[in-house]
Amino acid sequence: MTEDNDDAIIYREEMKLAIELMTGVGAEDVHTVKRIAEAALRQQHEVAIFLMGDGVYHFHRLKDLAHKGVRVTMCTQNAYERKVDPGDDALSGSQYDWAHIVHDADRVIVFG
Amino acid sequence: MAKKKVVVLARRSPTNTRHSAEALRQSIGLTLAPNDVTVILMDSAAWLAVPGVGGDEIQKHLDTLKLLKVTVAAEEDALARYGVPREEVPPHIVILGPEKIGETLAAAEAVIAF
């Protein structure tokens with residue numbers, strides 16, 4: 001889809017963005033991931049976030065993104081190792097989910 | 001369905017952190033979708049090219065990747081830099097120079113760095 005304005009032709013294409021977050025509470029990556037996801041949603045892109053490793057500690061912070069339409073999934077094995085209980089089956093997932101998220105995405109960003 | 005070219009980079013020593021074991025586990029998981037996965041062992045993760053380094057879990061992952069016919073490559077410069085004996089790298093692990101690594105990364109549709 002394109003639209004003209006006085007100065008330029010703007011190309012807009014809805015894209016699928018996959019984000020993997022592997023860093024824990026000591027890193028600021030979760031804030032960056034949130035901002036990127038929210039900006040992408042405003043641009044009408046599809047966003048999927050996969051939490052792995054210490055990233056599973058952040059699932060509470062990212063739940064509100066799930067309510068806004070972001071697919072938030074986490075690696076259940078890593079959650080189990082860290083005694084993190086999602087308390088919500090919609091968040092539980094596995095490497096199978098990430099495999100398909102990666103395959104379907106137009107862009108993949110990893111914070112690890 | 002067309003396969004997507006995905007490269008996984010393992011960069012950290014298998015003895016200091018679980019990152020490399022997780023890189024290999026994710027590489028196996030990525031084959032559950034139509035992804036054409038290549039694993040590159042870089043920097044201190046080059047030691048993963050030697051059988052037995054890193055313990056049973058890592059060896060299990062490497063054996064599984066071999067069964068799945070996933071290409072596992074080691075960075076040539078890293079082998080030299082970290083004193084990894086080339087003669088102990090099994091033949092199914094490809095040794096790549098910087099140009100080949102560059103080509104592989106350029107051809108990838110997704111790069112996942114651990």
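Is A:Q44 buried or exposed? Keep that one in mind, as point 5 comes back to A:Q44.

1. **What you are looking at.** This is a predicted model, in which local features need pLDDT of at least 70, side-chain atom pairs count only at pLDDT 80 or more, and totals for chains, interfaces and linings use all residues. Residues are numbered from 1 along each chain as its sequence is written, chains are lettered from A and ligands numbered from 1 in the order in which they are written, and side-chain values use heavy atoms, with hydrogens and water left out. The predictor's scores for the complex are an ipTM of 0.91 and a pTM of 0.90. Chain B has a mean pLDDT of 96, with 100% of its residues at 70 or more; pLDDT is the predictor's confidence in each residue, from 0 to 100.

2. **A salt bridge in chain A.** Over all chains, the structure holds 12 salt bridges (a side-chain nitrogen of Lys or Arg within 4 Å of a carboxyl oxygen of Asp or Glu). One of them joins the side chains of A:K34 and A:D64, at 3.4 Å from N to O. A:K34 sits in helix α1 (residues 29-42) and A:D64 in helix α2 (residues 59-67) of chain A, so the pair ties together parts that are 30 residues apart in sequence. Helices (H or I, at least four residues) and strands (E, at least two) are DSSP runs, numbered from the N terminus. Both partners are partly exposed: A:K34 has 21% relative accessibility and A:D64 has 30%. For the cut-offs, buried means under 20% relative accessible area, exposed over 50%, and partly exposed in between (1.4 Å probe, protein chains only).

3. **Two salt bridges in chain B.** Now look at B:D43 and B:R81, whose side chains meet in a salt bridge of 2.8 Å, N to O. B:D43 is in the loop between β2 (35-41) and α2 (56-67), while B:R81 is in helix α3 (residues 76-81), and the two are 38 residues apart. B:D43 is partly exposed at 27%, as is B:R81 at 47%. The side chains of B:E76 and B:R86 also form a salt bridge (3.0 Å, N to O). Here B:E76 belongs to helix α3 and B:R86 to the loop between α3 and β4 (93-96) of chain B, 10 residues apart. B:E76 is partly exposed at 31%, and B:R86 is partly exposed at 44%.

4. In general, side chains of opposite charge can pair when their charged atoms come close.

5. **Two positive phi values.** Most residues other than glycine have a negative phi, but A:Q44 has one near 70°. A:Q44 is in the loop between α1 and β4 (46-51) of chain A, and here is the reply to the opening: A:Q44 counts as exposed, at 57% relative accessibility. A:K83 is no glycine either, and its phi is positive, about 55°. You'll find A:K83 in the loop between α3 (76-81) and β6 (92-93) of chain A, exposed with a relative accessible area of 77%.
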